[in-house]
Amino acid sequence: MSKHQVMLEPSAIFARNIDWNLFKVFYEIARRGSITGAAHALNRTQPSVSAALQRLEGHVGSPLCTRTSKGVMLTVHGEHLLSACEGIYEAVQSTSRSA
């Protein structure tokens, strides 16, 4: 390894490679309780929101919600990620206010 190469921890690699918009999509799915509701709120199609959820689940390595006849229900991993997304959302809002 050269002196310019740095070994990154898996969490640093995840943060560098993740599309942060996927968190926004997941946040809306959780808030609205459905993929269709999130699609309307984000002005996107239902298939694009569903695909974004699948990409995020692929990145985190576990299912984040289960689909039911009434919408979606978060898994334990989904609940943890929602908590993190709420923190991200609050940080973005406070950044906007202080800018």
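Does Ser62 count as buried or exposed, and at what relative accessibility? At 14% relative accessibility, Ser62 counts as buried, where buried means under 20% relative accessible area, exposed means over 50%, and partly exposed lies in between (1.4 Å probe, protein chains only).

## The model and its overall layout

This is a predicted model, in which local features need pLDDT of at least 70 and side-chain atom pairs count only at pLDDT 80 or more, while totals for chains, interfaces and linings use all residues. Residues are numbered from 1 along each chain as its sequence is written, and side-chain values use heavy atoms, with hydrogens and water left out.

The protein chain holds five helices and two strands, and from the N terminus on these elements follow the order α-α-α-α-β-β-α. Helices (H or I, at least four residues) and strands (E, at least two) are DSSP runs, numbered from the N terminus. The C-alpha trace spans about 55 × 35 × 25 Å along its principal axes, and 31% of the 99 residues count as buried. Among contacts between residues at least 6 apart in sequence, 44% join residues at least 24 apart, a contact being heavy atoms within 4.5 Å.

## Helix H2 against helix H4

The axes of helix H2 (residues 21–32) and helix H4 (residues 46–60) come within 9 Å and cross at roughly 115°, which makes H2 roughly perpendicular to H4. Axes are lines fitted to C-alpha atoms, for helices over the stretch in contact, and angles run from 0 to 180 degrees between N-to-C directions; those under 35 degrees count as roughly parallel, over 145 as roughly antiparallel, 65 to 115 as roughly perpendicular and the rest as oblique.

From H2, the residues Leu22, Phe23, Val25, Phe26 and Ile29 make the contact, and from H4 they are Val49, Ala52, Leu53, Arg55, Leu56 and His59. By class, this contact of H2 with H4 has nine nonpolar, one polar and one charged residues, where Ala, Val, Leu, Ile, Met, Phe, Trp, Tyr, Cys and Pro count as nonpolar, Asp, Glu, Lys and Arg as charged, and the others, Gly among them, as polar.

## Helix H2 against helix H5

H2 also packs with helix H5 (residues 76–98), at an angle of about 115° and with the axes 10 Å apart, and H2 and H5 are therefore roughly perpendicular to each other. In this contact, Phe23, Phe26, Tyr27 and Ala30 of H2 meet Gly78, Leu81, Leu82, Cys85, Glu86, Ile88 and Tyr89 of H5. The residues of the contact between H2 and H5 divide into nine nonpolar, one polar and one charged.

## The buried face of helix H3

In helix H3 (residues 35–42), the buried residues are Ile35, Ala38, Ala39 and Leu42. Seen down the axis of H3, these residues fall within an arc of 105°, so they line one face of the helix; the arc is that of the directions from the helix axis to the C-beta atoms. The buried residues of H3 pack against H2, H4, strand S1 (65–68) and strand S2 (71–74).

## Three individual residues

Ser62, with which this report began, lies in the loop between H4 and S1, and, leaving aside its neighbours within four places in sequence, Ser62 is in contact with Glu57 and His77. Asn43, in the loop between H3 and H4, is exposed, with a relative accessible area of 72%, and Asn43 has a positive phi of about 55° although it is not a glycine.

Thr68 is found in strand S1 and counts as partly exposed at 40% relative accessibility. Thr68 and Arg32 are 36 residues apart in sequence, and their C-alpha atoms are 14 Å apart in space.
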